[in-house]
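Here is a short report on the complex shown below. Keep the sequence and the model side by side while reading.

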Amino acid sequence: MSVSSSDATVTQVSEILATAVPLSVDPRLRELRRVAIVPALNEEHSIECVIDELRAFDAGLDVVVIDDGSSDGTADAAAAKGAYVLRLPFNLGIGGAVQTGFKFAFEHDYDIAVRVDGDGQHDPAQLVRILAPVLRGDADIAVGSRFAAEGAAGYRSSRSRRVGIRILAAVVSRIVGQRVTDTTSGFQALNRKGIALFAHDYPHDYPEVEATVMVFRHRLRLQEVPVSMRERGGGQSSITALRSVYYMVKVLLAIFVGLSRRHVIPQEESA
Amino acid sequence: MTPLAVSIAGAVASLALVLVVLDLIRRHRLRERYALLWLATGLVLTALSVWRDGLNTIAGWLGVRSYPPAVLFAVAILFIIAVLLHYSTVISRLSDQNVLLAQKLALLEQELRVRD
């Protein structure tokens, strides 16, 4: 998250953009107020492409970019593209940044929210598939998973990260009683119930794993949808081996302590 | 050899620390991020209290012959120093952020007033 993308992403993203086929948006989507939540940290090179691609996917989609204390022109670039921009006064970390977006979606009464990273690794064209279970009413939250497809390949990252993702997926699947393959994916679609839950309570730092467990504890329905993600453009993820271990311990602690909490089951829309 | 009473008292106190920390997390009064060091403190002290031969061995390495439980105190003090130092860095960051928030708020307020 905390890496600035290199020119490689730009070329890559614009190439894909040039070849993008106009997409037929699900007609059910048209009547709903919908917003894309895009957390970004120093992504001035990729944020414009991401916004363009979101608009290409669905022209009626509002875009809110949460600038998590970038030191480059991320916020201005996003504003120039006509996105709503929330400029955080300092870096809150991914959890705090994303939750700001959920609060925005909640307070402005959006029916549907999608979450797409600002670094261009999520291809908005695939939102069709992620949105499908939410629009059908089969899920409150749908998550794009890199590993859900049979024989999923192509996603490469550091070994420690892969191992971490696998362990977390196993633990989380066990706890929630449903197979979950990608607990760290930030490529998601949510209905009003999901927006309300996350606006009210969202974990910090490395939020998706805990959030997955939280979703089940609140009796919301989660579905995974197989997607492919693009290679991260420039640099590497800031997560090193030692940090992976730290995060693992912290996340596992959070999950297990979280299990001993009593959870309020949200009522039907009260807002 | 460590007196049995010291081992028992040490283990009870350290375990109590672990349980209190876990309960604070559960009630959202302590974040995991700030709890890890406390948990490590509690667990290490519990281990050293229960594992009496180990404490003696470590005391031997350090040349503490007369009263091995002194090592227990030394370890506890080390952990407390680590926790305090960690908190000092956290407080420094918070006060920086607080200044930033106040400045930002003042600027926003001024802007809103001008618009009215």
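Leaving aside its neighbours within four places in sequence, which residues is V44(B) in contact with? They are V75(B) and F79(B). Contact here means that the C-beta atoms of two residues, placed from the backbone, lie within 7 Å.

This is a predicted model, in which local features need pLDDT of at least 70, side-chain atom pairs count only at pLDDT 80 or more, and totals for chains, interfaces and linings use all residues. Residues are numbered from 1 along each chain as its sequence is written, while chains are lettered from A and ligands numbered from 1 in the order in which they are written.

**Confidence and interface**

The predictor gives an ipTM of 0.76 and a pTM of 0.81 for the complex. Chain B has a mean pLDDT of 92 (the predictor's confidence in each residue, from 0 to 100), and 100% of its residues reach 70 or more. The contact between the chains takes 11 residues from chain A and 11 residues from chain B. On the side of chain A that touches chain B, 6 residues are nonpolar, 2 polar and 3 charged. In this scheme Ala, Val, Leu, Ile, Met, Phe, Trp, Tyr, Cys and Pro count as nonpolar, Asp, Glu, Lys and Arg as charged, and the others, Gly among them, as polar.

**Chain B**

V44(B) sits in helix 2 (residues 32-50) of chain B. Helices (H or I, at least four residues) and strands (E, at least two) are DSSP runs, numbered from the N terminus. V44(B) counts as partly exposed because it has 16 C-beta neighbours inside 10 Å. The scale is simple: a residue is buried if 20 or more other C-beta atoms lie within 10 Å of its own, exposed if 12 or fewer, and partly exposed in between, with C-beta atoms placed from the backbone. S14(B) is 30 residues from V44(B) along the chain, and their C-alpha atoms are separated by 8.5 Å.

**The sheet of chain A**

Chain A holds an open sheet of 7 strands in the order 3-2-1-4-6-5-7, with mixed pairing. Strand 3 (84-87) and strand 7 (222-226) stand at the edges with a single partner strand each, so one side of each is left without a neighbour in the sheet. Neighbouring strands are turned by 20° against each other on average, direction ignored. Such angles come from axes fitted as lines to C-alpha atoms, for helices over the stretch in contact, and run from 0 to 180 degrees between N-to-C directions.

Two strands pair if DSSP finds at least two bridges between them.

| Strands | Sense | Bridges |
|---|---|---|
| strand 1 and strand 2 (residues 62-67) | parallel | 6 bridges |
| strand 1 and strand 4 | parallel | 4 bridges |
| strand 4 and strand 6 | antiparallel | 3 bridges |
| strand 5 (residues 141-145) and strand 6 (residues 188-190) | antiparallel | 3 bridges |

Individual partners can be read off. A40(A) stands opposite D67(A) in strand 2. V35(A) has A113(A) of strand 4 as its bridge partner. A113(A) in turn has L190(A) of strand 6 as a bridge partner. V143(A) is bridged to Q188(A) in strand 6.

Is strand 1 (residues 34-40) of chain A mostly covered or uncovered? It is mostly covered: 7 of its 7 residues are buried. R34(A), A36(A), V38(A) and A40(A) point one way, and V35(A), I37(A) and P39(A) the other. Strand 4 is covered on both faces too, with I112(A) and V114(A) buried on one side and A113(A) and R115(A) on the other.

Strand 1, helix 3 (residues 47-57) and strand 2 of chain A make a right-handed β-α-β unit. Right-handed means that, with the strands pointing away from the viewer, the path from the first strand over the helix to the second runs clockwise. Helix 6 (residues 127-136) of chain A lies across strand 4 (112-115), strand 5, strand 6 and strand 7, at about 30° to strand 6.

Most residues other than glycine have a negative phi. R219(A) has a positive phi of about 60°. R219(A) lies in the loop between helix 9 (207-217) and strand 7 of chain A, and is exposed, with 12 other C-beta atoms within 10 Å. H28(B) also has a positive phi of about 60°. The place of H28(B) is the loop between helix 1 (4-26) and helix 2 of chain B. H28(B) counts as exposed, with 10 C-beta neighbours inside 10 Å.
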